[in-house]
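Have the structure open while you read.

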Amino acid sequence: MNRIRAARQARGWTQADLATRARVSARTIHAVEKGEDCRQATKRRVLIALAVPWEARFDYFPRMQSVRPVADRALERESA
């Protein structure tokens with residue numbers, strides 16, 4: 001389960017409740033809980049609303065992987 005969703009539900013909050021506390025839209029909370037990427041400022045607001053320290057952000061928001069084409073990565077290895 002998504003850690004943001006779990007933390008929200010543990011507090012008995014709806015997505016709208018968290019959105020209000022984080023000062024973002026309910027649609028943003030929905031997207032975050034689906035695992036979509038968001039801005040750092042949004043992550044900070046959500047974590048503050050949930051009383052989660054910034055240092056734990058990678059536990060709640062996994063790092064996104066690069067979407068660069070495979071051909072680009074092969075060229076990097078050849079030039080190294």
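## H2 against H3

How are H2 and H3 oriented to each other? Helix H2 (residues 15-22) and helix H3 (residues 26-33) pack at an angle of about 110°, their axes 8 Å apart, and are therefore roughly perpendicular (angles of 65 to 115 degrees count as such). Axes here are lines fitted to C-alpha atoms over the stretch in contact, and angles run from 0 to 180 degrees between N-to-C directions. Helices are DSSP runs (H or I, at least four residues), numbered from the N terminus.

On the H2 side, Gln 15, Ala 16, Leu 18 and Ala 19 make the contact (heavy atoms within 4.5 Å), meeting Ala 26, Ile 29, His 30 and Glu 33 of H3.

## H2 against H4

H2 also packs with helix H4 (residues 40-49), at about 110° with the axes 8 Å apart, which makes H2 roughly perpendicular to H4. Here Leu 18, Arg 21 and Ala 22 of H2 touch Arg 45, Val 46 and Ala 49 of H4. This contact has 4 nonpolar residues, no polar ones and 2 charged.

The chain averages a pLDDT of 87, and 78% of the residues score at least 70 (pLDDT is the predictor's confidence in each residue, from 0 to 100). Confidence is highest in H2, at 97, and lowest in helix H6 (residues 70-79), at a mean of 59.

This is a predicted model, so to speak of local features takes pLDDT of at least 70, side-chain atom pairs count only at pLDDT 80 or more, and totals for chains, interfaces and linings use all residues. Residues are numbered from 1 along each chain as its sequence is written, and side-chain values use heavy atoms, leaving out hydrogens and water.

Key
Helix = DSSP H or I, 4+ residues; strand = E, 2+ residues; numbered from the N terminus. Parallel < 35°, antiparallel > 145°, perpendicular 65-115°, else oblique. Nonpolar A, V, L, I, M, F, W, Y, C, P; charged D, E, K, R; others polar.
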